[in-house]
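Trainee: Before we look at the aromatic rings, could you take me through the reasoning behind the words used to describe them?

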Amino acid sequence: MTEPTSGLSGVLKRGAAMSAAGLVIAQTATVVQTIVLARLLGPYEVGLFMAGSVLIGFLVTASQGALVQGLIHRETDIEVAANTALIATFAAGVVGTLLVLAAAPLIGVLFHSSQVGVIAAATSGLMVLHVLASVPDALMQRAFQFKRQLVIMPAVSIVFAAVSIVFAARGYGAWAMVIGWYASTMTSVVLSWWMAKWRPFGARFSLRIWREMARYSFPMLLDSLADRSREVFEQVIVGRVLGTADLGQYRYAYRIASLPSLAIITIGSHVLFPAYSRISNDNSRFRQAFLRALDWIWFAAAPMGALLIAVGPAVVVLLLGEEWRYAGMATAAMAGIGLGTALNAVTWEAIKGAGRSSLLNWSPVLSIGIGLPLILALLPFGLVGVGIAISIAYLVVGIVGLELAHGVVGVSRRDLWASLWPTTVAAIVGLAVVLPLERLVVRSDQYSVWPGLVWIVAEAALFAIIYVASLMLMSAKWSRALRDIVRRAAAKLKRA
């Protein structure tokens, strides 16, 4: 695991460190907000908000049209391209707002609730606000301005948490989350424009450049729309068949299970995509960077997925309350989200960085063609069945992404296997010990909050010891890497 030889390595390390620091702050706010709102609102109110906002994510993706990916990858006419992307995404955002307003009554009928329809209409204005921040964010990402991750992301999470908790405590119910969403989105827009220091309309709109960016971005748009479409269908199926309260349980299960993948996406995509775009013409360097990223991202993702299965249900019950037990069970079933996302965070960014985004055309077919039939087949098993179906879909997409990326990057399947198997086996060994310990012996969710959490921390520490020890025994490469980390950390502490 040698370092890349270019100065870009230092930039990427600083970017990853800043992203990680910002992520810790943002995730802390998100965890606090999730716990407090879960106890203040309960599954039904959270389900109302989820049902009312069901179209927003899909239409935001459609409005942006993945043009920002084309802007990040582009090497020429940046000012014209940025202005073009801004005008195109804003126009699409206005159209999306009108579509949500028109569809609001239908959404209320679909979920058997007029209040859901009113919430849908009220959230429609978020469409325009979301797209307004996309171009300045892309320009900062393209320029490796990672301070954005240290400021904007935490600020957005903190504002949403603070505003929504205050209004929830005052009895606003699901509307507390709507108000918090508006406040946090406005924060994102203001900070993005302030930090990017870019002023629009300094160049003209170019239809030619729009076509070039759209051509590059179209496969990514299809993939994003397919992913969002699958999420919409999942929410509609759960809300209509299982009920609004179960939709609230699903919402929090998905959010908690996605926390590891959010970390991977935040650190990975903001660093890897612009980096791969710069070094993809240097074959040796590209391969080295790809394998190194795969090593370390899977090193983090594999144990997080295993721990989610082992202690996830107990953590959810202890933090959110007994009424969220079904969310805890679904959280464990959705552990595959983080694992599939980890693979995609490396492979997709490499494919996009190499300019081969057309290879991602397969992803929408897999995402919908596997995910939705599996959900329908496993729906009789409730939220756990839905969670298993989602996990399988994510893992299949991630594995196929590996197969495509190895040809683009020029790494062999043997190299991929060598990167993945030691950490996978080590995580399974840790799971084999901690899972029966938690479920059969400790049963931490039977304790009150703080004693139960102490048991969870002890089990996580035991898992970490088993994971690291197993990994060092199985892999000389990882043994050297981990020993080197310990030596460098000790040296820094000594100097301090």
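Mentor: Rings of Phe, Tyr and Trp, the last taken by its six-membered ring, count as a pair if their centres lie within 6.5 Å. In this predicted model, Trp296, Phe299, Phe463, Tyr467 and Trp478 form one aromatic cluster, and a search of the whole structure finds eleven aromatic pairs.

Trainee: What makes the pair of Trp296 and Trp478 edge-to-face?

Mentor: Here the centres are 4.8 Å apart and the planes stand at 80°, so this pair too is edge-to-face. The pair links distant parts of the chain, since Trp296 belongs to helix α12 and Trp478 to helix α19 (residues 476-495), 182 residues apart.

Trainee: How do you know whether Trp296, Phe299 and Trp478 are buried, partly exposed or exposed?

Mentor: Buried means under 20% relative accessible area and exposed means over 50%. Trp478, at 0%, is therefore buried, and Phe299, at 18%, also counts as buried, whereas Trp296, with 25%, falls between the two limits and so is partly exposed.

Methods. Residues numbered from 1 in each chain as written. Predicted model: local features only at pLDDT ≥ 70, side-chain atom pairs only at ≥ 80, totals over all residues. Heavy atoms only, no water. Phe/Tyr/Trp six-rings, centres within 6.5 Å; stacked < 30°, edge-to-face > 60°. Buried < 20%, exposed > 50% of the residue type's maximum accessible area, 1.4 Å probe, protein only. Helix = DSSP H or I, 4+ residues; strand = E, 2+ residues; numbered from the N terminus.
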